[in-house]
Every structure is written in C-alpha cells, then in structure tokens.
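Below are some short notes for a colleague who is opening this structure for the first time.

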Amino acid sequence: MGTTTRTERLRDLSRAIVAGVIAAGTSGVVHADDEGADASRVHLAEMRAAATSAPAAGHDGSAFFVGSDDGAFKLKAGGMLQFRYVMNFRDEPTDSDDDLTNGFQARRTRLEFSGNVINKQTTFMVQTDFNRNGGTATVLDGWVRHEFAEGWALRFGQFKAPLLREELVSGKRMLAADRSITNGVFTQARSQGVQLEYDGDRARVAVAFTDGLNTLNTDFDSSSEADYALAGRVDLRLKGDWKQFADFTSWRGSDFGAMIGLAGHWQSGGDTGGTVDADLLEYTADLSLEGNGWNAFAAFIGRSTDSEASGDFDDFGVVVQGGVFLTNKTELFARYDIVMPDDGRDSDDDDFSTITAGINHYFVEQSHAAKLTVDVLYFLDAQADSSSVVSRSTGVGLLPDAEDGQIAARVQFQLLF
C-alpha cells in the first residue's frame, strides 16, 4: 500500500504503548474499537469504518474498550464536546444599544459509558451531561437492553420515548448545530419506563410504557409525571439500509435510501396522587431520503391537550430540511420549521416560523468525530406573540422579543472521543 513514513511509525508505536498501559492495569483485554460509530480515531480508515456501524448499546465510539476474551463483558468509555460562539440580534425597546447579545457556550459536554454484561445480548448505556449554565452533572440516559429472541428486545430505564425522529437522532449527528424550535416545542425528551422493540429487515417497531413526556430524572411521586403514558413508533425502510438513518447526513458515494416513520404518544393524569389533571395525544409522520451526497427530511406533528385547568388545544408543527455536499468534507444545509398554536390560546396564538441555513465542515471524511458548523437562524415572527408555546431557548439562540425578525448566528466545533 506504499512506504510507511516516520510519522506513521511513531503514531503506531504510541497507540501500542497506550494500549499496553491500559491492558496492564486490567484483568481483561484492551482492543482497538472498530465497532463504535464516529469514533475519534487517529487512523483515517478507522474513522471511516466507525461512521458506518452502530452497536446495539448506542455508543458512538471510543478508541479503546476493556472486555473479556469471549466478548461476554465489555465496557466502552467516550463522550462529546460541542463548544460554540453565539450572537443574537433583536430589537430591544428599552435600550437601542443592547440589540446584540453574544458569547461562548458549552452547548453539550457529555460522558458516555456503554457495553454489555453476562452476554452480548444484554447491553447498557449511561450518559451524563454537564449543564451549560452552572456545570451541574445530570443523568441523561441510564438503561439496560436485553435481546431475548432474534430481532426482539426489552429496554428499561431512562431513555427517549419512540416519538419524534428529530429528537431520536443523536445531538452529535444533527444537520444544523441544533434541533429545530418545532422539535423543542413538541419533543418527548427523556422519560423512565419499559420499551419493547422489534428490529426487522424492513420494519422497526418500538412500544413504550413510560412516565410521560419530558420526565427526565423524576421520582415516582413527581407532579410532573403522568399517571400512564404509552408511546409507539414504526419505521418502514423502503430503500437502503438501516445504518443510513442513524443521522441526517448522507455522504458522497452513498446509495439511495428512503424511510417512512409513524409514531404516536398518549398520556393521562389526575387520577393518582399529585399529578396534573390533563390528557395529551401527540402524533407524527415523517419521511427521510438520502442519496449520493444529499439528504432530505420532512415531518408533520400534531398535539391535542385536554386540561382541566387550561382548556383544550390542538397545536401543530412542520419541519422540512435538506443538505448537499459541495466536496467530500463540506456540506451545505437549510431548514424551515413552523409552530402553529391553537387559535384559542388568547393573544399568544400566532404562528412561529424559523429559517436556518449553514455549512458543515467534516475534518475527517464520512465521520462526525470532528466537525465545524456555522449557521444562521432567522426567526420570522415575534417570540412574545407565541410565548405560551414557544419559550426562550438559549440552546437554539432564541431570546424573548416582542418584535419579529430576530436573528441568531452560531459557530460550533464538535469533538467526539
């Protein structure tokens, strides 16, 4: 394959030394991890291989893992860092000199531990996040998954319920620097529960019994939980393979892929101690297309709420986005999303639309491990006119404003390790 350079020899030697040091301190075996998706590799070939595989534990890769010789026990450690500079421009009626708000933000700083115990069919994942405002550590994911028959598995713990596809795609695999405002309004986020999963050749099905939407780290007596909540999602693969839909990006040279998703969520409260008397039904349909260096995604979302205290409302949302590679490492993208609140929400019922456009640069071809994202968001409508639904979101760059035409610009560097 060619002459080995001095740099390559030194690089290989350093990797061998690190592996040997770790192995000396463990009772198992240390391996070069060629399974984790988007792993932070030294070798270009390894990073490309990592981008095309996703282990059952859902871990996005570390350069090494510790495990037993027979593979029954494995522990992988890794994480991610998303660091960005944000500028927000909006009309500030109290002081015309304060139209600009800007600064640095540690958007996501996370550690992940995953692997399997007892056998390869019993996997786990624990993921922590350090809050960008104060640095407090929070548990995001903490689950165990057991595959009890071919294609069938049971997951329990804290995880994302099977609902919105934009939320289910990892934050490290976004097209833009962050998810849409519409996703933020309707998102399931994380909850605690039990989920039955079927992974077939053409269809993937998940049905979950949980505490309800957005019940991250809640105890069983929390007033924010529902009495009962059921969620289900079906993904139908029309073309391509499942690995293509682990993210929104489609690398140059990829085959055509198409997937349709349908999902629904129902929850009810008020019949057990301390819960809010409200029922909620949310549903969505989405289409994902990927080709040779291009991608497209569209989703429709509906939500009906029936609350004893606030009344009945029907809210809707739409997300449409796409991207195309200009070179093997440079990708242009654009997105439009709109939140359409119920007309009965008093004065705070105006639609809220956002246009997002930007560029990604992947430092290694076909890998999210090191990525620079620059994007601009134009909020067409006044945030105050939809404040009962669309709230302040510093993660997206949206701040309170009574005027339309607010703009946010983000420059973000992402590193997976």
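1. R107 counts as buried, at 13% relative accessibility. The model is a predicted one, and in it the side chain of R107 meets that of D178 in a salt bridge, with 2.6 Å from N to O. R107 belongs to strand 4, while D178 sits in the loop between helix 3 (165-168) and helix 4 (181-186), so the pair ties together parts that are 71 residues apart in sequence. D178 also counts as buried, at 3% relative accessibility.

2. R84, R107, R108 and D178 are linked in a network of salt bridges. In total, the structure holds 18 salt bridges.

3. The side chains of K172 and E112 meet in a salt bridge of 2.6 Å, N to O. K172 is in the loop between helix 3 and helix 4 and E112 is in strand 4, which makes this a link between distant parts of the chain, 60 residues apart. Both K172 and E112 are buried.

4. R155 and E197 form another salt bridge, and their closest N and O atoms are 2.5 Å apart. R155 is in strand 7 (residues 152-160) and E197 in strand 8 (residues 190-199), so parts of the chain 42 residues apart in sequence are tied together by the pair. R155 is buried, with a relative accessible area of 13%. E197 counts as buried at 9% relative accessibility.

5. Strands 9 to 12 can be followed pair by pair. Strand 9 (residues 203-210) pairs with strand 10 (residues 228-239) in the antiparallel sense over 8 bridges. Strand 10 and strand 11 (residues 257-268) run antiparallel and are joined by 11 bridges. Strand 11 in turn pairs with strand 12 (residues 278-290), again in the antiparallel sense, over 12 bridges.

6. V205 has V234 of strand 10 as its bridge partner.

7. V234 deserves a separate look. Is V234 buried, partly exposed or exposed? V234 is partly exposed, with a relative accessible area of 32%. The C-alpha atoms of V234 and I260 are separated by 8.3 Å, and the two residues are 26 apart along the chain.

8. Two loop residues have backbone angles to check. I118 is not a glycine, yet has a positive phi of about 70 degrees. I118 is placed in the loop between strand 4 (100-116) and strand 5 (122-130), and is exposed, with a relative accessible area of 61%. Q366, also a residue other than glycine, has a positive phi near 60 degrees. Q366 is in the loop between strand 16 and strand 17 (370-379) and is partly exposed, with a relative accessible area of 26%.

9. Which residues gather in a patch of negative charge on the surface? They are D91, D343, D350, D351, D385, E403 and D404. Among them, D343 lies in the loop between strand 15 (330-340) and strand 16 (352-362). D343 is exposed, with a relative accessible area of 65%.

Methods
Residues are numbered from 1 along each chain as its sequence is written. This is a predicted model: local features need pLDDT of at least 70, side-chain atom pairs count only at pLDDT 80 or more; totals for chains, interfaces and linings use all residues. Side-chain values use heavy atoms; hydrogens and water are left out. Patches are made of residues with over 30% relative accessible area and no salt bridge: like charges are joined within 9 Å, nonpolar side chains (Val, Leu, Ile, Met, Phe, Trp, Tyr) within 5 Å. Accessible areas come from the Shrake-Rupley method with a 1.4 Å probe; for residues, only the protein chains shown count as cover. A salt bridge is a side-chain nitrogen of Lys or Arg within 4 Å of a carboxyl oxygen of Asp or Glu. Lys and Arg count as positive and Asp and Glu as negative; His and the chain ends are not counted. The place of a charge is taken as NZ of Lys, CZ of Arg, CG of Asp or CD of Glu. Helices (H or I, at least four residues) and strands (E, at least two) are DSSP runs, numbered from the N terminus. Buried means under 20% relative accessible area, exposed over 50%, partly exposed in between (1.4 Å probe, protein chains only). Two strands pair if DSSP finds at least two bridges between them.
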